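Here is a short report on a ligand site and a salt bridge.

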Amino acid sequence: MYKYPLIIFEGVEGSGKTTQIKNVKSYLRKNRIKFISLREPGGSKLAEKIRKLILNPKSNFHPFTDLLLYIAARNENVNSIIKKHYKKRVILIDRFIYSTLAYQHYGMNLNLNIINKLNNFILGNIKPDLIFLHTVNILELKKRIQKRKEKNRYDKFDINFYDKVQKGYIKMLKRKKNVTIIDTKKTIRENKFEILKKINKIF
Ligand code: TMP
């Protein structure tokens, strides 16, 4: 039994992660459970600066440069925030290591071993306890992305790209024990209860 789990929320754009993170945060607040909440890329002050640089529609980095920037932002979070709170508070993260594998390897064909090595080197003994993978029908996703008012650089890919990314996520995570797949076909409320049930089991 681990009292303060590291919980990560993964999935493509428009898959409902952010709404569910809000629900978990209000549940933890209500129950007076100490937590911190981060997003990637971003989180710490410096990592947020890196986020702006990567996602600015004017940035035209080479895909490998993007990879190094995502990893750099994660390294900032791990060293300045996560290590300090690991197992002392619940840590919620909107995207983590599997985003890099899904987007940079499955989406952009960058080398899987390099990504794994970089992630492992940064994380050391830190391991996610629970992973919620949010999935969405790809046509529904197209609609959701089109509706976004402010589009960042990673909101502008062809729909096939997100399809590859989502398939990559499913391939990587579907057999892992600590993963729950949250399908947007179900209602937000149903998904909320499924997520809270899993989290409750840990406490
Ligand atoms: P979001 O905060 O709206 O989810 O946008 C972040 C974007 O960055 C999203 O398209 C996924 C992408 N991303 C990667 O490509 N690799 C990564 O390692 C991370 C954390 C995010």
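In this predicted model, an oxygen atom of the ligand lies 2.9 Å from a side-chain N or O atom of Tyr70. Arg51 and Thr100 also place polar side-chain atoms by ligand oxygen atoms. A polar contact is a pair of N or O atoms within 3.5 Å.

| Residue | Distance to a ligand oxygen atom |
|---|---|
| Arg51 | 3.0 Å |
| Tyr70 | 2.9 Å |
| Thr100 | 2.6 Å |

The protein covers 93% of the 480 Å² of accessible area that the ligand has on its own (Shrake-Rupley method, 1.4 Å probe).

The shell around the ligand has 14 residues (a heavy atom within 4 Å). Glu13, Tyr70, Arg95, Thr100 and Gln104 come nearest. By class, the shell holds five nonpolar, three polar and six charged residues. Here Asp, Glu, Lys and Arg count as charged; Ala, Val, Leu, Ile, Met, Phe, Trp, Tyr, Cys and Pro count as nonpolar; the others, Gly among them, are polar. Helix H4 gives the most to the shell, with four residues. Helices are DSSP runs of H or I with at least four residues, and strands are E runs of at least two, numbered from the N terminus.

The model has 12 salt bridges (a Lys or Arg side-chain nitrogen within 4 Å of an Asp or Glu carboxyl oxygen). One of them joins Arg74 to Glu40, with the closest N and O atoms 2.7 Å apart. Arg74 lies in helix H3 and Glu40 in the loop between strand S2 (35–39) and H2, so the pair ties together parts that are 34 residues apart in sequence.

Residues are numbered from 1 along each chain as its sequence is written. In this predicted model, local features need pLDDT of at least 70, side-chain atom pairs count only at pLDDT 80 or more, and totals for chains, interfaces and linings use all residues; side-chain values use heavy atoms, leaving out hydrogens and water.

Notes: A polar contact is a pair of N or O atoms within 3.5 Å; within protein, one must be able to donate a hydrogen and the other to accept it, and residues adjacent in sequence count only if both atoms are side-chain atoms.
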